[in-house]
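I opened my notebook and went through one protein model, bit by bit. These are my entries, in the order I looked things up.

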Amino acid sequence: MSRQRLSDHLATRRLVLRPLRPADADAIDTLCVHDFEVLRWMTSLPWPPEDGATEGFIAAATDQDPVGGEAAFAVTLGGVLIGLVSITAPGDLAEHPDCPTLGYWIGRPFQGFGYAGEAAVAALDWAFAAHGCEAVAARAFADNAASRKVLARLGFRETGRTMRRSRALGREVENVVLRLERNERQLAEAAQ
């Protein structure tokens, strides 16, 4: 597989998803890394935040093959970064090693307007095309009702539970593992 760069801009009715830029660091820090109420739902980020971690994440995201590693898209509304959506290459979830994995967050001022689902649809369409896969996986903390609701609306179905370490919470957290089949996504798209 040849190394690719993420150059796609994905447009939805209200949003544009684009590759991350170094200038996004301040917005990511404000909306996620320094907001415990957003950060607490993620497993990989520590609390309190580590200096330079955001810049390091952006540098890594922009320097890797988006199909072989992680495709991280800035979710923008009117040119303003409001969140992030990513597709991680197959192998991220042991429960579904053949599936790329969807992940996302939306900053608190922008939650409750349907942006997470709208951004996820665009990322899912990209994932199915880029990976040529039959399904995409996701996971969410068992007590993250909002995220689980978004995933259910997209057609994801629970396939199991697992424990994962949350760096922000400093403990193991129960995660719901989910899977969306390509044909289920196509049926949901046709119904819209």
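**Entry 1: His9**

I started with His9, which lies in the segment before β1 (10-11). One thing to keep in mind from here on: this is a predicted model. Is His9 buried or exposed? I found a relative accessibility of 51%, and the cut-off for exposed is over 50%, so His9 counts as exposed.

Next I listed what His9 touches, leaving out residues up to four places away in sequence: Val16, Leu17, Arg18, Pro19 and Arg21. His9 and Ala122 are 113 residues apart in sequence, but their C-alpha atoms are 9.9 Å apart in space.

**Entry 2: Arg18**

Arg18 came up among the contacts of His9, and I followed it. Arg18 sits in strand β2 (residues 16-19). With a relative accessibility of 7%, Arg18 counts as buried, because the limit for buried is under 20%.

What does the side chain of Arg18 join up with? I found a polar contact of 2.8 Å between the side chains of Arg18 and Asp24. Beyond four places in sequence, Arg18 touches Asp8, His9, Asp24, Ala72, Phe73, Ala74 and Thr76.

**Entry 3: ring pairs**

I went looking for aromatic rings that pair up. How many aromatic pairs does the structure hold? The count is four. I wrote down two of these.

Phe36 is partly exposed, at 24% relative accessible area. Trp47 is partly exposed too, at 36%.

Phe73 and Trp126 also pair edge-to-face, at 5.6 Å centre to centre with 80 degrees between the planes. This pair links distant parts of the chain: Phe73 is in strand β3 (residues 70-77), Trp126 is in helix α4 (residues 115-131), and they are 53 residues apart. Both Phe73 and Trp126 are buried.

I noted one more ring while I was there. The charged end of Arg40 sits over the ring of Trp41, 3.9 Å from its centre.

**Entry 4: cysteines**

How many disulfides does the structure hold? I got zero. Cys99 is buried at 1% relative accessibility, and Cys133 is buried at 7%.

Then I turned to the inside. In soluble globular proteins, nonpolar side chains tend to be buried together. The largest nonpolar core here has 35 residues, and Leu17, Leu102, Leu154 and Phe156 touch the most other members. Which elements give two or more residues to this core? I listed β3, β4 (80-88), β5 (101-106), α4, β6 (135-141), α5 (145-154) and β8 (171-181). The largest share, 11 residues, comes from α4.

I zoomed in on Leu154. Leaving out residues up to four places away in sequence, Leu154 touches Leu102, Gly117, Ala120, Val121, Leu124 and Leu180. There is also a second, separate core of 17 residues, and its members include Leu31, Ala61, Ala72 and Ala74.

**Entry 5: His131**

I ended with another histidine. His131 is in helix α4. Is His131 buried or exposed? At 19% relative accessibility, His131 counts as buried, since that is under the 20% limit.

Beyond four places in sequence, His131 touches Pro66, Val67, Ile87, Ala89, Pro90, Pro100 and Trp126. Trp126 was already in my notes, as the ring that pairs with Phe73.

How values were computed
Residues are numbered from 1 along each chain as its sequence is written. This is a predicted model: local features need pLDDT of at least 70, side-chain atom pairs count only at pLDDT 80 or more; totals for chains, interfaces and linings use all residues. Side-chain values use heavy atoms; hydrogens and water are left out. Rings of Phe, Tyr and Trp (its six-membered ring) pair if their centres lie within 6.5 Å; planes under 30 degrees apart count as stacked, over 60 as edge-to-face and the rest as tilted. Buried means under 20% relative accessible area, exposed over 50%, partly exposed in between (1.4 Å probe, protein chains only). Helices (H or I, at least four residues) and strands (E, at least two) are DSSP runs, numbered from the N terminus. A charge sits over a ring if NZ of Lys or CZ of Arg is within 6 Å of the ring centre and within 35 degrees of the ring normal. Contact means heavy atoms within 4.5 Å. A disulfide is a pair of cysteine sulfur atoms within 2.5 Å. A nonpolar core is a set of buried Ala, Val, Leu, Ile, Met, Phe, Trp, Tyr and Cys residues joined through side-chain atoms within 4.5 Å. A polar contact is a pair of N or O atoms within 3.5 Å; within protein, one must be able to donate a hydrogen and the other to accept it, and residues adjacent in sequence count only if both atoms are side-chain atoms.
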